[in-house]
Amino acid sequence: MKQLPFLNDAAGHRVAVDPRRPAIIVPVQATAPEEIARQCRAITDTGVVDVIEWRIDPVLASIAEECCAGSRAAAPQEFAEAVLGLAAHVSTAGLPVLITLRTGFEGGSADVSEDVYTEILTTIITGLSESSGLSESSGLSESSGLSGASGPAIPTAGTTWALDVEIDRRGAAELIDMAHDRGLSVVASHHNFARTDSAEVLGATFTRMAAAGADVAKIAMMPGTRADVAELLRATALAEEALAVPVLGISMGQLGRTSRVMGADFGSCATFAQLGESSAPGQIAVADLAGIVDRLYG
Ligand SMILES: O=C1C[C@@](O)(C(=O)O)C[C@@H](O)[C@@H]1O
């Protein structure tokens with residue numbers, strides 16, 4: 001199994017013990033700076049998590065709501081700058097951070113158009129690579145709790161950043177190239193919260209992600225039957241053998257939990273677990289999952 005390419009020293013040693021062992025990723029979905037920092041610290045303190053997934057779609061949803069209350073539309077630039085203002089609070093945890101803007105197209109809470117998605121991610125890619133901009137004022141009111149700019153500047157240098165890019169968004173390939181030019185790893189993703197695609201379609205999607213230059217190819221599907229879970233695992237295993245990049249296959253919901261526990265045996269380089277609020281159906285509490293992973297792998 002090819003490993004997740006953006007582990008750092010804080011995390012890497014666990015996966016290095018046994019190359020069959022999946023990396024453990026835990027999402028953070030808070031919107032206020034202090035709560036983001038608190039959750040990130042709690043994740044690091046577990047001592048078993050390899051990567052934080054920072055879900056920024058809830059941040060964007062909060063800003064959109066705030067702007068609506070003031071009867072004006074929020075600009076993509078404003079979204080992106082708010083996120084950059086918060087980035088330092090995530091990087092205090094010391095773990096690699098996967099930034100994910102999950103759109104409404106794929107079950108997330110960011111109701112954005114194709115163009116706005118591209119514009120937000122472009123600004124985030126640029127801003128992250130210019131670390132001096134990370135702690136500057138986002139321009140949002142501090143009372144909103146969404147400005148990460150209040151308080152002293154917290155250095156973000158040294159943080160390993162990666163970016164989720166939804167492969168079906170219009171500018172996906174360009175975003176992947178741009179992220180690479182700026183030194184970010186990319187996880188290409190595709191989700192279906194209603195059903196599971198056929199193994200052929202899943203295979204084609206994995207291949208499309210690799211062809212677009214992604215560093216990791218990730219698919220999450222909702223199963224309706226046990227056979228759907230098997231289909232997803234089979235497609236993941238075949239893609240792991242055929243492609244040069246690491247793959248990640250998730251079958252969601254209670255039915256799909258085999259993929260979260262034993263996915264690595266089918267080629268998945270990582271598994272998502274929850275601490276507090278889950279970000280998708282079927283996620284297992286991180287302490288429980290890490291305990292199982294510890295017993296199954298080194
Ligand atoms: O893509 C994924 C996988 C996921 O949907 C899951 O099923 O665990 C959880 C999301 O937060 C993440 O972005």
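Here are some exercises on this structure, each with a worked solution.

The model is predicted, so local features need pLDDT of at least 70 and side-chain atom pairs count only at pLDDT 80 or more, while totals for chains, interfaces and linings use all residues. Residues are numbered from 1 along each chain as its sequence is written, and side-chain values use heavy atoms, with hydrogens and water left out.

**Exercise 1. The overall fold**

Solution. Ile-24 stands opposite Thr-271 of strand 8.

**Exercise 2. Strand 5**

Decide whether the residues of strand 5 are buried or exposed, and find the bridge partner of Asp-164.

Solution. First, apply the cut-offs: buried means under 20% relative accessible area, exposed over 50%, and partly exposed in between (1.4 Å probe, protein chains only). By this test, eight of the eight residues in strand 5 (residues 185–192) are buried. Second, sort the directions: Ser-185, Val-187, Ser-189 and His-191 point one way, Val-186, Ala-188, His-190 and Asn-192 the other. Third, look at the pairing: five bridges link strand 5 to strand 4 (residues 161–166) in the parallel sense. Asp-164 has Val-187 as its bridge partner. For comparison with the whole protein, buried residues make up 56% of its 298 residues.

**Exercise 3. The nonpolar cores**

Identify which residues touch the most other members of the largest nonpolar core.

Solution. Begin with the term: a nonpolar core is a set of buried Ala, Val, Leu, Ile, Met, Phe, Trp, Tyr and Cys residues joined through side-chain atoms within 4.5 Å. The largest such core has 72 residues, and Trp-54, Ile-99, Ile-124 and Val-165 touch the most other members. Helix 4 (residues 76–91) gives the largest share of this core, eight residues. A second, separate core has 19 residues, including Phe-6 and Cys-269. Now zoom in on Trp-54: leaving aside neighbours within four places in sequence, its contacts (heavy atoms within 4.5 Å) include Val-28, Leu-86, Ile-99 and Trp-161.

**Exercise 4. The ligand site**

Which residues come nearest to the ligand?

Solution. Among the 13 residues around the ligand (a heavy atom within 4 Å), Glu-53, His-191, Lys-218, Arg-260 and Ser-279 come nearest. Now take the polar atoms in turn. A polar side-chain atom of Glu-53 is 2.5 Å from a ligand oxygen. For Arg-55 the corresponding distance is 2.9 Å, and for an N or O atom in the side chain of Lys-218 it is 2.6 Å. Then check the cover: the protein covers 100% of the 320 Å² of accessible area that the ligand has on its own (Shrake-Rupley method).

Technical notes:
Helices (H or I, at least four residues) and strands (E, at least two) are DSSP runs, numbered from the N terminus. A polar contact is a pair of N or O atoms within 3.5 Å; within protein, one must be able to donate a hydrogen and the other to accept it, and residues adjacent in sequence count only if both atoms are side-chain atoms. Accessible areas come from the Shrake-Rupley method with a 1.4 Å probe; for residues, only the protein chains shown count as cover. Two strands pair if DSSP finds at least two bridges between them.
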